[in-house]
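Here are a few friendly notes to read alongside the model. Please keep it open as you go through the points.

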Amino acid sequence: MRPMRQVQGANILGREIRVPEWWKESKTCRTKKMLEKMMKKVNNADPSYDLDGDNVVSSHDYFLAKRFDLDKDGKLNEVERRNALEALKNGYENNFKWIPEGSDPTRGGRLIQVRGKFVDSENFNEVLETYPEHPLSRVKPHVKSFGELQTLRKEENM
């Protein structure tokens, strides 16, 4: 078996791996509280991700801003922010289907994509429109029930 060649700083596709700076820092947590404090700091989104200007980075803001953070540093610089705001003015967020936060808890807010249509957990009628019409769907039967069909066939065989 041939040994694998090690490539420094690149993955199997040959692109350079970009590791966030905070991963390189050695952080040891001696207590659970220290760990929770560190994780809270790491998991908070940067204020530059606030695209709607309400001083809160909502899941909606985070989702959209993440797509424009090209250098993957967790912050939007001036160029990235300008591109994001321009794209939002041009209707970029209409490319996505949004479930309102706090939607009906009894349904669970489940949304799936089937055959190119967005469908919630109870309404699959839109999916039926995507299938072609069956060739026999327009044929009208000449009998109304199975019993009537059996009677008709017995009469034909006599």
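1. Let's start inside helix α2: K33 and E36 are about one helical turn apart, because three residues separate them in that helix. Their side chains meet in a salt bridge, at 3.9 Å from N to O. A salt bridge here is a side-chain nitrogen of Lys or Arg within 4 Å of a carboxyl oxygen of Asp or Glu. K33 is exposed, at 65% relative accessible area, while E36 is partly exposed at 39%. (Buried is under 20% relative accessible area, exposed over 50%, and partly exposed in between, with a 1.4 Å probe and protein chains only.)

2. A word on the basis: this is a predicted model, where local features need pLDDT of at least 70, side-chain atom pairs count only at pLDDT 80 or more, and totals for chains, interfaces and linings use all residues. Residues are numbered from 1 along each chain as its sequence is written, and side-chain values use heavy atoms, with hydrogens and water left out.

3. The structure holds two salt bridges. One of them joins the side chains of E133 and R138, at 2.6 Å from N to O. R138 counts as exposed, at 65% relative accessibility.

Definitions and conventions. Helix = DSSP H or I, 4+ residues; strand = E, 2+ residues; numbered from the N terminus.
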